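Here is a friendly walk through a multi-chain model, written for someone who likes to see the numbers next to the picture. Take a look at the structure first, and then we can go through it together.

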Amino acid sequence: MKPAADAPVVLSTHGLVSGYERDLPIIRGVDMKVTKGEFLLLLGPNGAGKSTLVKTIAGLVPVHAGTIVQEGVDLTSMPPHLRVRHGLAFVPQTENVFTTMTIHENLLVAAQILPKASRAGRIADLYAMFPDLLRLKTLRAGQLSGGQRQMLAVARALIVEPSVLILDEPSAGLAPRIVREVFDNLKAVNATGVTTILVEQNVKAALAIADRAIVLVEGQVRLEGDAHSLGDDAVMAELYLGARHPSAEARP
Amino acid sequence: MIDLLSYGAFFLSVALSYAIICLGLNVQWGQTGLFNVGIAGFVAIGAYVSALLTTPETVDHLGGFGLPIMAGWLGAALATGFATFLIGALTIRLRADYLAIATFGAAVAIHLCILNLQSVTSGPFGIGFIPRPFANLADRPLAFSLANFALLAAVVLALYLALEHLARSPWGRVLRAIREDEPAALALGKSAVRFRLQAFALGGAIMGLAGATQAHFIGYIAPDNYQPILTFQVWAMLIVGGSGNNRGAILGAVVVWGIWALSGSAVASLFPAEQQARAASLQIVMIGLALCAILLWRPRGILGEARIMSRHVLRRSPPATPLPSTPSET
Amino acid sequence: MTPQVLMDGLIAGAMIGLGAIGITLTYSILRFSNFAHGEFLSWGAYLALAIASGLGYLAGGPASPIGPFSFGWTLPVATLLGIALTAGLALLVDALLFGPLRNRGSAVIILVMASFGAALTLRSLLEFIFTSKPVYFTNALQIARPLGGGLRATPDQLLMLGLAVVLVLAIHLLLTRTAIGRSMRAVSENRQLAGVAGIDVRMVIRTVWIFGAGLACVAGVMSGLLVQIRPQMGLDLLLPLFAAAILGGIGSVPGAMIAGLIVGVAEAMTVQLIGAEWRAAVAFVILVAILLLRPRGLFGRPE
């Protein structure tokens, strides 16, 4: 969903510095703003800190300085589960489902923070959105294929009706056909009004579904702009696309 | 004055015998990251093996083979090294704390064997008349204490030099690589297990040697010398000194033994006789609190470690958090 | 060997099983073997004893025994309070020691070592407060009654056996059927993901301590009632507890109980066939066997 030009900011970071060790910041001063309903793409070469940035926002990496604000609430020192309650959902790149539990149990776990009365209904909604999951609901998540796992992980994140959904490379390790499917799903979710932040290596495919993109280099924002024009940007091509595609197919 | 000197030599000799155990533990924990909670048991094996080998023939226990002291020490190191090898081989492939549990169990079992196998160890009565080095000086206390101190100091120095050399050798470098770097350890596969096992057995052998030197220094051993409190003291010594650091291991032994002896005499002078057993437990409370406090506030010990242990101890939260080692990003 | 050996073993084993559940829970959710768990048994027993004597004093003399049992109303009440206090003790140790280490991301083995330090501190404190002299909940001697089939047991023993079974079933149902149980399993599998999935991980950890320490208190009271109370009792039970937790399979509550019964029976048989002086070695032999043959235990998941 393309947000209106004056759409309110839902999530922002200010001078964010974070990293696992005090003396070794990985994110080094990131300011970013995400507006309501926007589909934002986070790009950058390997080791740029994309994953660390989204994990920091989700509450998994210690913040050294700066703030994270969502809809007027300061999340900076909130534990992860309270951020979920506040409407921030995160899908990690790996180990993003509970493999020893069934699909249904995975959804039940996530639904626990909803009021008791609405849990079953919300799970039913998700099954309606992902009919494959309903078919497999008694299967242990560890037995699912990569694409099915990703689907479950997204469904689990959506249970709480988040206002912001963050995904860390959901396409990693998936076959191209499945990647398209996952992206279509994400686009559909975004179209319902869920602000989406996506970390991706699959630059071309992702630029096609995103509204805006931010390019991160060495823990700082290097470039940011409209998704469609960014695909043609020369710096971008040199920095990122060029490195990955020596034929420079992204250039005109 | 002479008394004081003689006591000083005695005190330092005991501390140095603990320093030997500490050096052995440092090979296992400091260099290799293997957690041994059965130190008392392994020290006991060394003490008993050496005692059986060197005491004059008797009907009270197995042997007395009357061998020279050096043979006893060698036998002690070999026997204990073998016992640690067995325990290590059983658990070293499994999760880290299974080794801890298994060594804890081994110490319990060893203590029980010493207590119950009366025909071998003479059971709760212990073994006396263990030949003491420089026995010919026994009627001159100062010379006797100094000679024993010199012997122990020489053993500690020799071990220290050998272990430092070993740590710098290719073998030591492989060990460090295995400990510091999981992928490297995985790449080494089976041989990583072998290296760790070798280190564990070597550390055990040193503990056995320490047990033997202690036995010959005191001249008498009994099962109750080898209770969990001994394990605990040695851990406190290594942690205080700084794991991974051989000099720290020696210093820690002297410092902690000093604190132990001082607090012991404080208890003796502050509490009435009938309360002393009770008050002695406060000593243990104190050491326990000190160990926890050091783990919390100064995990690198007094001397810290020679840059070896840091990352291993301080980072890397194991509970399914592949954070620092996530290969894809960061 | 008689069926009576089996009976004695089951009774001792039920107590081991209750203690082992705490070990298995802390291990599977906090990911370290807690060497201080045995001390929760001892502290539980002493706390219950202190409260029971306090209540008896307030009531103006020891309470008269309930029905066929050896103890009066003060002991059940004291046990309930003891459970709360033991849980409080576990939470305190976690807040002061394990929590800060965990938040710092310390290696497993540092936590194990810290638990070792906590164990010694807690045990020696008991020794300081209560001295090492054994004490008893009651001086009443109970006569074992015939149960048929040549079996005999005291009413106390039968009560303990029944209580253990009820507690295990309750904990098992709680873990498999309720929201808090699901949260515990989620944290046990992946602590980070659990947080991201909206689970309050700190609350789950507190729950684990409360359950583990509460059961430890019950096991301690049982041990005190069936044998005696000594500061060393937790240390002596530690190896059987670990053996049972590993034999049952880490994380499995029914496994811990069944394995506890196996360890108890094996100990009783050893006492009968070989001699009481070797009882303490049984747990080690079982531990070695299980590590050699099936390290994941009877009901554990493969690593």
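How many aromatic pairs does the rule count over all chains? The count comes to 17 aromatic pairs. Please keep in mind as you read that this is a predicted model.

One of these pairs is formed by Phe10(B) and Phe217(B), and it is stacked. The ring centres are 5.6 Å apart, with 25 degrees between the planes. Planes under 30 degrees apart count as stacked, so the pair falls in that class. Phe10(B) belongs to helix H1 (residues 2–30) of chain B and Phe217(B) to helix H9 (residues 190–218) of chain B, so the pair ties together parts that are 207 residues apart in sequence.

**Where chain B meets chain C**

On the chain B side, 53 residues are in contact with 51 residues of chain C. About 4600 Å² is buried between the two chains, and carbon and sulfur atoms give 77% of that area. Helices H3 (69–91), H4 (96–116), H10 (228–241), H12 (276–297) and H13 (310–314) of chain B each supply at least two residues of the side that touches chain C. H4(B) gives the most to this side, with 14 residues. Sorted by class, the side of chain B that touches chain C has 39 nonpolar, nine polar and five charged residues.

How many salt bridges does the rule find across the interface of chain B and chain C? The rule finds zero salt bridges there. It does find eight residue pairs in polar contact across this interface, both residues being at pLDDT 80 or more.

**Salt bridges over all chains**

Over all chains, the rule counts 10 salt bridges. Arg185(C) forms a salt bridge with Glu105(A), and their closest N and O atoms are 3.1 Å apart. This pair crosses between chains, from helix H6 (residues 179–189) of chain C, which holds Arg185(C), to helix H3 (residues 103–111) of chain A, which holds Glu105(A).

**Annotated spans**

The unreviewed UniProt entry for chain B gives the annotation "transmembrane region" to several spans, including residues 199–219 and 249–271. For chain C, the annotation in its unreviewed UniProt entry covers residues 6–28 and 241–266, among others. The table sets out the computed values for these spans.

| Span | Helix and strand content | Distance between end C-alpha atoms |
|---|---|---|
| Residues 199–219 of chain B | 95% helix, 0% strand | 30 Å |
| Residues 249–271 of chain B | 96% helix, 0% strand | 32 Å |
| Residues 6–28 of chain C | 100% helix, 0% strand | 30 Å |
| Residues 241–266 of chain C | 85% helix, 0% strand | 13 Å |

Notes:
Residues numbered from 1 in each chain as written. Chains lettered and ligands numbered in written order. Predicted model: local features only at pLDDT ≥ 70, side-chain atom pairs only at ≥ 80, totals over all residues. Heavy atoms only, no water. Contact = heavy atoms within 4.5 Å. Buried area = accessible area lost by both parts, 1.4 Å probe. Salt bridge = Lys/Arg side-chain N within 4 Å of Asp/Glu carboxyl O. Polar contact = N/O pair within 3.5 Å; in protein donor to acceptor, adjacent residues only side chain to side chain. Helix = DSSP H or I, 4+ residues; strand = E, 2+ residues; numbered from the N terminus. Nonpolar A, V, L, I, M, F, W, Y, C, P; charged D, E, K, R; others polar. UniProt positions renumbered as here; feature names shortened; annotations may be inferred. Phe/Tyr/Trp six-rings, centres within 6.5 Å; stacked < 30°, edge-to-face > 60°.
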